[in-house]
Amino acid sequence: MTSYEVESIATVVGGHARVQDDYQGGVESVIRLNEAYPLETLRGIDEFSHLTVTWRFHLAQPEDVQLHARSPRGNVQWPATGTFVHRNHRRPNQLAVSYPRLLGVDGRDLLVTDLDAVDGTPVIDLAPYFQEMGPRGSIRQPAWPSEMLADYWRDAAERPETGLP
């Protein structure tokens, strides 16, 4: 296998304090660009409403990876599906892609909401979201992702146990 070494370009500051499956919505956080990158690398980004953010599940361990079919979230009501059908930290490279809304830019800080990464998460890459680069044609998927993610983007303040990020 070919391997690649990548360095983070930014870090998530604030926002979600712990990993959780649902109630990801409405939480503001900052994506802070590393000082190694000049400020002009962000020029024009404030003209976009959303970002494409690639980040690493930095709290995951290599032993979390599971290379077999399993039911999402351990719920046997949903079909056992392969590793590359899941979107979690149990995948080989433990990477994720999110599309947070960009609220503002202050120097190296990108203020965002609806980023489902936790405080301290390393950001591998970011770019503005271009709607022309989104999916083409109609979207097809089985019922279980919609069932599983029904509360994913619910406002974090509505979370039953604490109401906190």
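Why does Tyr129 count as partly exposed? I looked up its relative accessibility, and at 31% Tyr129 counts as partly exposed, a class between buried (under 20%) and exposed (over 50%), with a 1.4 Å probe and protein chains only.

A note on the source: this is a predicted model, where local features need pLDDT of at least 70, side-chain atom pairs count only at pLDDT 80 or more, and totals for chains, interfaces and linings use all residues. Residues are numbered from 1 along each chain as its sequence is written, and side-chain values use heavy atoms, leaving out hydrogens and water.

Next I placed Tyr129: the loop between strand S7 (122-128) and helix H1 (144-148) holds this residue. Helices (H or I, at least four residues) and strands (E, at least two) are DSSP runs, numbered from the N terminus.

Then I turned to the pockets. A pocket is an open set of points on a 1 Å grid where a 1.4 Å probe fits, with protein on both sides within 12 Å along at least five of seven lines; lining residues have an atom within 4 Å of a point. A volume is the space filled by probe spheres set on the points, which are joined across faces, edges and corners.

The largest pocket holds about 1500 Å³. I found 47 lining residues, with Phe57, Arg87, Asn88, Asp116 and Tyr152 closest to the centre. Strand S4 (95-98) is among the elements that supply at least two lining residues, and its four make the largest share.

My last entry is the second largest pocket, at about 260 Å³. Its lining includes Met1, Arg56 and Ile124.
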